[in-house]
Amino acid sequence: MKKSAAVLLGCVLVTGCGSGSTTEPGGKVTININGQPPQTQAFDRKVFDEDVAEFEKQNQDIDLVPHEGFMDPKTFSAKLAGGQLEDVFYVYFTDPAALIARKQAADLTDYVKDVPHYGDLKQELKDVFTVDGKVYGLPTANYTMGLLYSRTNFTKAGLDPDQPPKTWDEVRAAAKKLKDAGVTGFAEYSKSNQGGWHFTTWMKSVGGDIARKDGDTYKADFNNDKGKEVLRRLKEMRWDDNSMGEKQLLEIGDVQNMMGAGQLGMYLAAPDNVAAIVNQFKGEYDDYGLAAIPGRQGTLLGGEGYMINPKATPDKIKAGLKWIQWKYLNPDRLEQNLQKYKDRGQPVGLPIPPIADIWTGEPRKKQEELKGKYATMPVRNFQAYVDGSEQTKGSLEPPQAQQVYAILDSVVQATLTNKDADHAALLKDAETKVNAVLAQVK
């Protein structure tokens, strides 16, 4: 994919890499896209650039101008106002609601009917980008939280690694056996906003939540029996059973390191943690299993997708949607992508891109068949997660999530470091502080 100096200069001087110009000479539609991985991510960057070149070859009326980077809420509005926002831009699932409310994304309702396989996407993912029946984006990948465990340590503790815990009572019982076998039974994050993040996951797993909509505003929704249940269960494993170990104030890198070193039995995680443990902490795929969230009353849903600049012309919208569908939402390219990953020594088998868990119906059936065909790891180790996720409703993070998580960190920290912590007082104090944060949501 080669761009002429004239095209690139025009992008900077005329449109600022946004949506001012509609076509190039010769009738081409030029669109600026972000989401290009940095060069430090060599494999992902190479795949992205190869896909851009292949797409342009197949669609010679469309010219793509890639940009590194993703969504930065701190600079988004300024980029849009200054004409610097790309035509097609990446978002996390926590972004669309605010962007739609501020009219900072194009209305795609009249266009998505022409997007192949749109009807086969999971409805809960499409709902992230839908308000009052109008569609403003497309989901391209998602995750839900589950239970990651060491199959090796399960066997060592006399537990069946093919029958992971399905309830929190079973988690507690397994954690005690793992402790008796000489490893930390269960680990939990409690700093860097990660304790609040996982407290949110716990709340959803027992049928609760962190915030609820109350008219036009949000209110904290964890100072109740569900919140007390979560803290009670943490206290039981930490203090009554001592199955969480003495070392606390952990964050994700600490826990992944423990798992990679064979010192841990279980923790809450999304599927990408398995790859991180293998790649960064010298683990082996055969050693790990992934199950659905204990309790299965709900789980935390996250993910990513793409939206389109509200200033984009109809031609740019059509071209942008064509790129998004071809690149990210294309069952017809799945086998080609899996072959490429396998041939280049990349892991295949986890429910993460290029096998994003976004499909229903025939595309999902086809994806599961191809995943088994090209797998480089024992996919059965993760099947409990895939099957359980289908039966468990996922829901999004609360508004102002990071500020809320920072407050809830202290609740988890106190529970794990003070045997006599007053759970009711902790939840009440956090409720007051979280309500102050939620009052800022417009």
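In the predicted model, the structure holds 1 cavity of 30 Å³ or more. The space in the largest cavity amounts to about 40 Å³, and its lining is formed by Pro351, Ile355, Asp357, Arg364, Gln367, Glu368, Lys371 and Val386. Helix H14, which spans residues 361–374, gives the most to this lining, with 4 residues. When the lining residues of the largest cavity are sorted by class, 4 are charged, 3 are nonpolar and 1 is polar.

The packing of two helices was examined next. Helix H16 (residues 401–417) packs with helix H17 (residues 423–438) at an angle of about 170°, the two axes lying 9 Å apart. Because angles over 145 degrees count as roughly antiparallel, H16 is described as roughly antiparallel to H17. On the side of H16, the contact is made by Gln403, Val404, Ile407, Leu408, Val411, Ala414 and Thr415, while H17 contributes His423, Leu426, Leu427, Ala430, Lys433, Val434, Val437 and Leu438. By class, 11 nonpolar residues take part in the contact of H16 with H17, together with 3 polar residues and 1 charged residue.

Salt bridges in the model come to a count of 30. One of these pairs Lys340 with Glu50, for which the closest N and O atoms are 3.5 Å apart. Lys340 belongs to helix H13 (residues 334–343), whereas Glu50 is located in helix H2 (residues 42–58), so that this pair ties together parts of the structure that are 290 residues apart in sequence.

How values were computed
Residues numbered from 1 in each chain as written. Predicted model: local features only at pLDDT ≥ 70, side-chain atom pairs only at ≥ 80, totals over all residues. Heavy atoms only, no water. Axes fitted to C-alpha atoms, helices over the stretch in contact; angles between N-to-C directions. Parallel < 35°, antiparallel > 145°, perpendicular 65-115°, else oblique. Contact = heavy atoms within 4.5 Å. Nonpolar A, V, L, I, M, F, W, Y, C, P; charged D, E, K, R; others polar. 1 Å grid on protein atoms, 1.4 Å probe; cavity = no way out; pocket = protein on both sides within 12 Å on 5 of 7 lines; lining within 4 Å. Points joined across faces, edges and corners; volume = space filled by probe spheres on them. Salt bridge = Lys/Arg side-chain N within 4 Å of Asp/Glu carboxyl O.
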